[in-house]
Amino acid sequence: MRAIEFGQYGGPDVLKVLETGVPDPGPGQVGIDVAYAGVNFADLKARTEGYRVAALPFRPGLEVSGRVRALGAGTRGLTVGQEVTALTDGGGYAEVALADATTVFPLPAGLDLRTAATLPTVLPTAYALVHAVGRLQPGESVLVQGAAGGIGTVAGQLAKAAGAGRVYGVASSAQKADYARAYGYDDVFAGDFHKSVIEATGGRGVDLALDPVGGETFRGALASLAVFGRLVSFGNASSAEAWAVGQPELYPRGISVSGFSILTLAKTAPAALRTLAERAFASVAEGTVSLPVTAEFPLTEAAEAHRLMETRTSTGKLLLNATAHPA
């Protein structure tokens, strides 16, 4: 089978196509014939910084859709040939991938494999940010960083469906801000956002802020909170030093800060992740949210997908097609 691997850290060129044997699922695992693999910013950080890389060489890829190829010992509730979507612990950039059975989900009714590849990381993460961790209440206001990205486009829709009073987004350019407005946002700010948020809310600030960037963006979001506001950190795209918040920041307005990582939850509380994912997937089946795929590449062109994502001009979700062959 074909797979994508890197043996050193660096730019997209370190991603190499290799021919290798098909892996067999171990106990509690599922082997999946991959149709599509999602491309995530975490994959770029793995390639450049070693994020969640236990050892080199390493095969990236955190989510796939496809058909069950084989079941490991003790795996129940799935059948060979069944269409599924799955969260993987790496190795998704391949024609065959392995996943723990607890993170493999039968395809929701009415969804095709292409759309299903966008589900495993984006949808449960956005759902958790808005509901389980962010605990958004009807009438509250929301601020979402990265509004034009995969998680951002879903979070905006979920927030609006949950009855948010106003949903604000932040994007890196005016073009991306225009794109995001079609996905639940009342307004989207390009670049610097703190002053715009304060003006838009009449000086009050927002009730909930969602931040995947860290660094100065994290601090700006913290300063944009209303009294009793909540900030959820779910990434560190800036690669800044880990944030620290204490009494001086929290006490004056009674604000709170929490965090979320779907990859960590998959390890520490897989049953909770499964419940969360099933609720999130239902929102797609019910038509509450749509999941835009804006670019697709053959598996062998994974480096090109990474180059596009690194330009920070991409919107929505990027996919690799494991069944396509370049012309």
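The secondary structure of this protein chain comes to eleven helices and 15 strands, where helices (H or I, at least four residues) and strands (E, at least two) are DSSP runs numbered from the N terminus. The model is a predicted one, in which local features need pLDDT of at least 70 and side-chain atom pairs count only at pLDDT 80 or more, while totals for chains, interfaces and linings use all residues. Residues are numbered from 1 along each chain as its sequence is written, and side-chain values use heavy atoms, with hydrogens and water left out.

Let's start with the overall form. Along the principal axes, the C-alpha atoms fill a box of roughly 60 × 40 × 35 Å. For 327 residues, a compact globule would have a radius of gyration near 20 Å, and the chain agrees with its 20 Å; this radius is taken over C-alpha atoms, and the globule rule is 2.2 Å times the number of residues to the power 0.38. Of the 327 residues, 53% are buried, with buried meaning under 20% relative accessible area, exposed over 50%, and partly exposed in between (1.4 Å probe, protein chains only). Among contacts with a separation of 6 or more, 70% join residues 24 or more positions apart, a contact being heavy atoms within 4.5 Å.

Now to the helices. Two packed helices are described by the angle between their axes and the distance between the axes. The axes here are lines fitted to C-alpha atoms, for helices over the stretch in contact, and angles run from 0 to 180 degrees between N-to-C directions. Take helix α3 (residues 119-132) and helix α10 (residues 270-285): they pack at about 100°, with axes 9 Å apart. The two helices are therefore roughly perpendicular to each other, given that angles under 35 degrees count as roughly parallel, over 145 as roughly antiparallel, 65 to 115 as roughly perpendicular and the rest as oblique. From α3 the contact draws on L119, L123, P124, Y127, A128 and A132, and from α10 on L276, A277, R279, A280, F281, S283 and V284. By class, this contact has eleven nonpolar, one polar and one charged residues; Ala, Val, Leu, Ile, Met, Phe, Trp, Tyr, Cys and Pro count as nonpolar, Asp, Glu, Lys and Arg as charged, and the others, Gly among them, as polar.

Helix α3 itself has twelve of its 14 residues buried, so it is largely enclosed by the rest of the structure. Its buried residues include L119, L123, P124, Y127 and A128. Past this helix, in the loop between α3 and β8, you will find R135, whose phi is positive at about 50° although it is not a glycine. At 55% relative accessibility, R135 counts as exposed.

F41, D43, L44, R47 and T48 of α1 meet H306, M309 and E310 of α11. The residues of this contact divide into three nonpolar, two polar and three charged.

In the loop between α1 and β4 (63-71) sits P57, and the peptide bond from L56 to P57 is cis, with omega near -5°. E63 lies in strand β4 and is buried, with a relative accessible area of 0%.

Next, look at helix α7 (residues 215-223), where G215, T217, F218, G220, A221 and L222 are buried. Their cover includes β8 (141-145), α6 (194-200), β11 (206-211), β12 (225-233), α8 (247-250) and β13 (256-259).

The loop between β12 and α8 holds N236, which is partly exposed with a relative accessible area of 29%. Leaving aside neighbours within four places in sequence, N236 is in contact with K45, P212, V213, G214 and G215. The loop between β12 and α8 also holds S239, a residue other than glycine with a positive phi near 60°. S239 is partly exposed, at 38% relative accessible area.
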